[in-house]
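Here's a quick briefing on a few side chains and the charged pairs that go with them. Have a look at the model first.

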Amino acid sequence: MYRYTTRDDFVRDAPTVLSYAALAAYTFWLYAFGPAVTLLREELRFSYTLVGFYSVLWSLGAALAGAGFAWVAGRLARAVLLWGSALATVAGAGLFTLGSGVPVTLIAAALMGLAGTTMLAVLQAILSDRHGSQRDRALTEANIGAGASAVVAPLVLGALAAGVLGWRAAFALPAIVLAVLYLRFRRRPLPTSAAQPATTGAGGLPAACWLFIVLTAFSVAIEFCIVYFGPQMLLGTGLSAAAAGTALGANYLGILIGRLLGARITRRPGRGVALLYVSLAISGAGFVLFWLSGRPVPAILGLFVCGAGIANLYPLAIALTLDAANGREDRANARSQLVIGLVSAASPYLIGTLADRHGLTAGFALEPVLIGAGAVLLWAGLRARSRVAETM
C-alpha cells in the first residue's frame, strides 16, 4: 500500500521511475511525429493541407481520450490501463510506419493521439496518486525526461533518415523502451486512485479546477504554436528551410534547461505559483524578441528564452488542476486532456488562417494573447480556490 510523500520525504520508487521513463518514451513519439509527417509527405506527395490534417487527427484522438478517460479509469486498474494504452500506442506507431498510403497513416495518427494521450493521462494519475501534495515536483521532474526527448527525437529521426535504416526505425525506439519497462515493472503494484467524493458544480469539478484546466490547455497551445509555425517565421529572417528547422532546437533546448531549473526550484514547498507567473513572463519576453526582431540571431535567442519560459507551464498547470480537483483527480485529468486536444487542434489552425489573410507576423499575434490569458486564468483560478478555502 503506497502512501503520499511529504515535502521532506520525496521517494522516487518503482511507480515513479516507471512513470518518468514511460512519459519520456511517449514524448519521443510526440515530437518525432511532426518531422515524420514532413518526410512522409516527400514520399507520398500529398498537400500541405493534408499535413495539417495529420496533426488535427492526433489532437482529436487526444480529445476523445480525454472525454473517456474518467469513465475508463473508474473501471480498470491503473496497470491494465497503462499497459493497454502503451500497447495500443505501439500498434499505432507500427501502423504509421509500416502502413502504406494516406488513409492508413491518417488512422494511425488518430490512434496514436487516442492511445498515447490515454497513456499520458494514466501516468499523470499514477504520479498524482503516489505523491499527493508533492505532485508538482513529481510532474516537473517527469517532464525533464520529456524535455530531453523533445530535443533528441528530431535529431534521431533526421540521423536515421539519412542512413540505411530510414526514419521509420526511430519509431521503434520508444516501443523497445516500453517493452523493457513492462518486463521490469509488470509485477510491481501501482498506487490506487484516491476516493472520488460527490461534488457539485459543472462536471463535478470546482470552478478553480476548470480555470486551471483551461490554463493547462493554453500552456500546451503556447508551445505547439511555436513548434508548428516557428520555422516558418524564421524563414522571414533569411534562414533556409533546413536551417530554420534546425534552429527550432533552440526552443527545445530552452525547454530542457527550464525544466531542470524548475525541478530544483520546486523541491521546496510553495514555489509553484510564483514559478508559473515568472514562466509566463519569460515566455512573453522571449516570444516578443523572436516575433519582432526580424534577424536570425535575436530570433533564435528569443526561441531559446521562450522555451525556458514554456518549460514549466504544463507540469505546474496540470499539478494545480489535480490539486484543485477536490478528490476527482481522474475526472480533472480527463477534462484537461479533452480541452488540450481541442485547443491544440484549433490554435495552430487559427494562426494559419490569420497568416493566410494578414501574414504570419499578424497571425502570430495569437501567441501573446494566449500568454496574457494564461496569466489571467492563473490569477482567477487562485482567487476561486482561495474563496473555497475561506468557506471551509
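The notes below cover the salt bridges and then one threonine.

This is a predicted model, where local features need pLDDT of at least 70 and side-chain atom pairs count only at pLDDT 80 or more, while totals for chains, interfaces and linings use all residues. Residues are numbered from 1 along each chain as its sequence is written, and side-chain values use heavy atoms, with hydrogens and water left out.

**Salt bridges**
- Searching the whole structure turns up nine salt bridges (a side-chain nitrogen of Lys or Arg within 4 Å of a carboxyl oxygen of Asp or Glu).
- One of them pairs E141 with R12 at 2.7 Å, N to O.
- E141 sits in helix α5 (residues 135-161) and R12 in the segment before α1 (14-44), so this pair ties together parts 129 residues apart in sequence (helices are DSSP runs of H or I, at least four residues, numbered from the N terminus).
- E141 is buried at 10% relative accessibility, whereas R12 is partly exposed at 42% (buried is under 20% relative accessible area, exposed over 50%, partly exposed in between, with a 1.4 Å probe and protein chains only).

**The R135 network**
- R135 bridges to E329, with 3.8 Å from N to O, and both residues are buried.
- Salt bridges with shared partners join R135, D323, E329 and R385 into one network.
- R135 also pairs with D323, the closest N and O atoms being 3.2 Å apart.

**T237**
- T237 lies in the loop between α7 (207-235) and α8 (241-247), and is buried at 14%.

Terms used: Helices (H or I, at least four residues) and strands (E, at least two) are DSSP runs, numbered from the N terminus.
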